[in-house]
Each structure stands twice: as structure tokens, then as C-alpha cells.
Amino acid sequence: MNRKTTSLIGAAAALALALTACGGTGSTSSSSGGATAGAYDKDATIQVGSLYEPQNLDNTEGGGQGVTEAFNGNVYEGLFRLTDDGKVDNLLAQDYKVGSDGLTYTFTLRDGVKFHSGKALTSADVKYSIEKVIAPDSQSARKSSFAGIKKIETPDDHTVTVTLASKSISFVYNLSYVWIINDQAKSLTTSEDGTGPYKLGTWKRGSTLSLDRFAGYWGTAPANKQVVFHYFTDATALNNALLTDAVDVVTSEQSPDALAQFSGNQNYKVNNGHSTTKLLLAFNDRKAPFDKPLVRKAITSAIDNKKLLDSIWGEYGTLIGSMVPPTDPWYEDLTKVNPYDLTLAKKELTDAGYPNGFEFTLDTPNYDPHPTAATFIKSELAKVGITVKINIITADQWYTKVYKNRDFAATMQEHVNDRDVVWYGDPDFYWGYDNPQVTDWVKQAEESDTADQQTALLKKVNEQIAADAASDWLYLYPQIVVASSSLSGYPLNGLNSQFYAYGIKKSA
Amino acid sequence: MTAYLLRRTAFLVVSLLLAAAVLFLLLRLLPGDPANSLLSVGATPDQIEAARHQIGTDRPLPEQFVSWLGQLATFDLGESFVSTLPVGPEIAARLVVTVPLTLLSFVLAVVVAVPVGFVAAHKANTWYGSILSGVSQLGIAVPVFWVGMLLITVFSLSLRVLPAGGFPQDDWADPVKALTSLTLPVVTVALVMSASLIRYVRSATLDVLGSDYLRTSRALGSSFARAMWRHGLRNAVVPVISILGIELASTFLGAVVVESVFALPGLGGMLVKGLAQHDYPVIQGILFVSTLVVLVIGFVADLVQRLIDPRLRHSLARNAR
């Protein structure tokens, strides 16, 4: 079953549910899940189940995916917000202007914004927050995207001017990841001082983190009073919690086998959203035999991605044929570029000078789904005479061996971020794809004057890396939010692990 | 006795130091770099070096070891690499779950195992004696997580009388709520633990039942109950106490598995996460504290045995002379 029919059926099911549940009409929007409840409890506590506990509460000190999930948009806000369907909206920035040279950005801050500590937001806080991300000791995953900042000025309390060294059309988008923090705030690894609709209640490490509605919020008040994140290390324990109503919603279901117990039950809704997580078979494009595009194309054509996706996720997930997920503006369906075709694969291998195949080692992270996928790849490639030696490594070894030392032939890895096709423009990245034309397009795209221009260029990048089979993009993970039918208004796509909780309504 | 206490304490301290050294070295032998858990794909080489420097893995090993010992001497377990928070208070917070879980399971297991083990021995030749013995044999073979999952399926998912996991956010503020969340985990541990305890109690009782002194006491006119109380119990309890010491220690460590099945915020979950992230201070801290607990339990068990059994005291006195 393809994705469109699945979501159609999903929508129909939701509609039917809404009709039976509240006797009214229901509808689903693309950006929030669940049936629209007629009456909801304005003071409800939403119990959220998640596998991703924050490591600490500071995203520039290695807080990880968990703190992004709990805090982005809920506790901390940026100048801009990346919406659940991938658009960039003004948030703490009321407005912004770009100078005629394309290098000077002037941001006007929204009036009446207060931090949870009571202090009013000023331009000094914005300057401090951006500088925190680009500081020498920053562990922010976004640090490198701000390398082009030349200076940050604060002409008055409401205005911030940022000057860039070179044009950067993604600058505003990148700012949506920068938390605006009170420049006086202390001990941010255990506490917070943001401007978001919730403030931190208590964080009981290893167990729960609660967010309480912030009475002084500048915008629309959240549709619930409290959100409690419950953290699990075991997916079965998480599913049990949902089955016993200890949690109302699971942010990201990671055990495909468990879905059956929810999809057939009218008390739950299984939402099939778009993720940005891609499973890659990444070649070391520097070293033979993978320095030859024909070899990479042959491998891509020899692996039946659909069968792999079906065996792991059943009817969920998407084939993309490239690095770009549908929520990125430059998405195109490129699954036909290197179709599954054994005859073609054999011909390409012969043309590349490997009529009898070859042998290579596949460095495989030891957690699901990598070992399963590696075994599948091994059996697929055996059909075209290629012998795969599976080498299981830990996530930690992966960073040292593959990411840092580039000591690998091929590896598997999940790449979680949106808009990360631009890594193919960096010849120094771990996979070593080096096409000067692509590097140039990526650079030009970043320096574009308009979004259309940027989109057109990145589409070319996308097409080129697919034509070169720079990597084999096996599939795009599904983003499955399972929720109690009494909930509505939760995010469906959870781009980059964000989970906006302020819209969640619990029926009264 | 004083000399013994002194020697036993010295032994405890030396064991602890040895354990610390072994722990430290073994952890460093694991392949991998803890700095990696701070990184994400896209990290620059500068960021990688900064991470290594921040957590100090770029310093020579002996220097790292000495600085850790120095911290231990001042009861400081250091700070987690990953969360940057102090490890000591975090362990203390986790003990709020793990210690009650261990003690309650222990008490329950003893309460179940002692009478059952006694009956299994006393009535060894009857059909229910054999059944008790067989069931306890089976219990030893069953893995603890399986019992946990079974109990969850029955009492949480089907009957819906007890929570499937988790612990109240405000800990013991509401004792009833806290006890409710601990019920299934405690029963799980106690069931598995009592299975092996029953075996020990049964064999200790069998030894006593076949002993000459019990027969003599009975011949002198004591009732069975009185003979058992005066002579049997004291003799049977000695081997059981040394086993109890080991069992209590292994329950404490076995909590790791149970806590994960029941999503309890105890020491176990913290250890598993620490291991996955190569968070040396966290792993070292937990294992050091666990070692301390195990050694102290052994120490206490030894003392109790000596108090109960005069033979041990006397042989000791002879050795001391």
C-alpha cells in the first residue's frame, strides 16, 4: 500500500472516530493529529511517553535529541519557528529586513515578551543566545551553520543587526534552532529561562520532566495546563504505559511490531507522519571500489529497498531515492533513478570492471534496524556476486572509526535532520563525496537571493547525487505518533525531533 | 572480637581500594571514546577535540586515576561527562527507589521462603512437599525479566489493578502511590529470589532433621517444636545467613533488570545509560557504591553468623591467640 492511500484511510478512520466519539464533525489537518474534539479540558495534564530523555537541559552542552523534543517551542522559542509542516514563521522576531547586499539582517523583536524569570526580552538576550551557539566550547549541532556570522550588534533594545561574511539564504531558517535565553540565566544544564508557553516544572532524572503553563506568556495560552514527559529505555515498557493509560501519547513509535495492538483498537489513533530520518548505506566515496559511481549505482540497483522497508516497517515509511525528504522544499521523487534491477546492476558491475563482484566490509551500528538491514543487504548483494562482511560496531565506535578517522569501506547510519542534503557539497564530510559541480551548486544555493533560486539549485544537487549514487538512501523512516483517541492537536511530523505540546487538547 | 573487627574492617578497606583500581582499569580497556556521546553528525573536528578536553580523556591515565582517588577520599564521585551534573547526588536520588525495592523484595522473599522451605523439608516425603520442592527448582530456572513481563501482562494489561511501570514524580510524598508502583517489581524480585532461598532453607532443615543432637533432644523428652526451636533453628540458620548476605547483594544488583522492565528511575537505569554512553564517572560511581554495599552486607553477615554460632567465635579466639 502506498503512502497516499494509507493517509487517506487514516483520515477516513479519524473522521469515523470523531463522528462516533463526539457526535460532531471531525477533520484532520496536515499539521496536527487527532480528531477535533468538541469540548476539551483547558486545565488538562497531558502525559507524554518518550524514549528520548534529555542528557542535560542545555542544547549547546550536549543536551541531545531529548531536550530538543521537550524544550523547542515549548520552553524556549527562537526568533523564528519551524512549523510541523516545515515552514518558517516569525516568532520572537516581529519582522526582519535584509540589506541590499544580502549580508545585513535587521531583526525587530516582538513587544511584551517576558522570560519565565520575569525579565523582559531585549536585543542583548538575542545577541547572547546566538553567541552561545557559536562559542568555542559549544556542542551545538548547529554550530557550523553559523560559521559565516561576522558581527552581531544591538542598536537598541528592540533591534538586532547581524552581519554575515557571505550571503546565506538559510540564515533565517537556521535561526529557528537558536533558543533565545535570558543573558543573566545561570546553571542552564539543570534549569531554564526561556520565553515559551511553558516553564520547567520538575525534572526527575531517569523518569519524568514536567512543563507547567506559563501565565505571563506573550502569545496564545496553551490548550492544556501541564505536560509531563515520561521517559522509557525499553520500548515495550513505553507501549505498556500507553495501553494502561499511564501516558496519552507516544512521541515516536520505534517498535514496528507493537503497532498492531494499537491500530486495531478504537481507543488509540496511529498517525503516519513524515519524518526527516533517512537510513543510509553510505559508501566511502574516496576509496576503491566505491570511488566509481557505476559501482555505487550497481549496488543501489541490486538492493530491493521496498522489500527491506516492508520487512522492517510493514506498510509504514517512504522510499525517497535520495537524501531529500518530502518536507524539504526541494524534494523530488527520485526512486526511479537507480531502480531495483538485477540485470542492470550486473551490467554496471561489468562495465565498472568487476564482472565477478568483489568483497567489502560493512560497518554496522549495533542497534535496530541496522543489523537487520545489513543482513538483508548481504543477501541481496550476494545475488550479484558481491560478498559483504558485516562488522557490528557501537555508536561510539562509529564516531571514532567512521566519522572521525574515515577508516571504512561502507557503513550504515540514520541521518535525522531535515535539509541535510547540503552535506554532499562538503568534500571533507565522512563519506567523501567530491563533485566540484555539486559543491558549487550548494554554495550558490546558500547565496541565492530568492527561495525559488535556492530550491532550483538544490534540486539539481539532489538529482546529481542520485545520478552518481553518492550513497544508497534505503528509505525514509515513518514518524508514527500513537495517541489516545481523547487527544487532538498534537504534532504529526515532529521535524528534527521537535514536539510542540501547546496545541494538544484532551477531551473533557 | 575487637581484634577480629579491626582485621575485618582493614580487609574491607583494602578490598574497596582494589575494587576501585580494577574498576578504573577495566572501564578504560573498553574500546571507544566517551567524548563521542556529546557529538552529533555534523560536529566539526574542533568540537570533537573540545569535547575530549572538556571531559579530560585527553589526560594521561595515571593522572586520571589519581585525581579520581583524590575525589573518592573526599566522598566526591565527580561529575557526569554527559549531563555535566554531579554523580553523588544523582545516585542518592536513585537509591530512593532501589533501596526500598531491594529491602522489600528481600523481606518478602524471606517471609515466603523460610516457612515454605521448612515445610518442603519436614514433609519431604509427602506429595505437597515434592511439589513445593519442584516449583522452587523451576523458579530458579526462570529469568527475572520474564516473570516481570508475565506479571505486567496479567495484573496491568488484563486485570488493570496495578501500574505497568513508572514511579511517582514526587517520590515517597504519597507512600501509598509509591508502594503501588513498587508492588509488581517487588513481587517479581521476591518470587525469583525466594525460589533459590527455599532450596537453601530446605537443605539446611533436612540436615538438622537428620542430626544426632535433634534425635538426642527428642529422646530426652522434648517435643518436636521445642527441639527445633532450641537446637534446630540455630543450626539451620547459620548457612542460610551467609546465603542471605549473598542474595541481598545480588538482589541489589539484579534490580538493574527489573528497573528496566518496570521503567523505574533507580540505579539500574542510570547504570545502563551510563554504560551506553561511556560515562565513566557515572559507571564508576555506581559500581563503587554497589561494591561498598556488597562488602558491607558481607561484613554484617559475617558478624551476625559469629554472634549466632559460638563455634565460630571460639575458633576465632584460638586463631587470635
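This is a predicted model: local features need pLDDT of at least 70, side-chain atom pairs count only at pLDDT 80 or more; totals for chains, interfaces and linings use all residues.

Biologist: How many helices and strands are in chain A?

Modeller: Chain A has 13 helices and 18 strands. Those are DSSP runs numbered from the N terminus, helices being H or I with at least four residues and strands E with at least two.

Biologist: What radius of gyration does chain A have?

Modeller: Chain A has 23 Å, which agrees with the value near 23 Å for a compact globule of 508 residues. That is taken over C-alpha atoms, and the globule rule is 2.2 Å times the number of residues to the power 0.38.

Biologist: Switching to helices: at what angle do H7(A) and H9(A) cross?

Modeller: Roughly 160 degrees, and the axes of H7 (residues 293-302) and H9 (residues 342-351) of chain A come within 8 Å. That makes H7(A) roughly antiparallel to H9(A), a label for angles over 145. Axes are lines fitted to C-alpha atoms over the stretch in contact, with angles from 0 to 180 degrees between N-to-C directions.

Biologist: Which residues make the contact?

Modeller: Among them are A:Leu294, A:Ala298 and A:Ala302 of H7(A), and A:Leu342, A:Ala345 and A:Leu349 of H9(A). Contact means C-beta atoms, placed from the backbone, within 7 Å.

Biologist: And the contact between the chains, how many residues does each one give?

Modeller: 36 residues come from chain A and 42 residues from chain B. H11(A) gives the most to the side of chain A that touches chain B, with five residues.

Biologist: OK, H11(A) then. Which of its residues are buried?

Modeller: In H11 (residues 395-404) of chain A, A:Asp396, A:Trp398, A:Tyr399, A:Val402 and A:Tyr403 are buried. Buried means 20 or more other C-beta atoms within 10 Å of the residue's own, with C-beta atoms placed from the backbone.

Biologist: What do they pack against?

Modeller: Strands S13 (359-365), S14 (387-393) and S15 (410-415) of chain A.

Biologist: What follows H11(A)?

Modeller: A:Arg406 follows H11(A), and its phi is positive, near 50 degrees.

Definitions and conventions: Residues are numbered from 1 along each chain as its sequence is written. Chains are lettered from A and ligands numbered from 1 in the order in which they are written. A residue is buried if 20 or more other C-beta atoms lie within 10 Å of its own, exposed if 12 or fewer, and partly exposed in between; C-beta atoms are placed from the backbone. Two residues are in contact if their C-beta atoms, placed from the backbone, lie within 7 Å. Angles under 35 degrees count as roughly parallel, over 145 as roughly antiparallel, 65 to 115 as roughly perpendicular and the rest as oblique.
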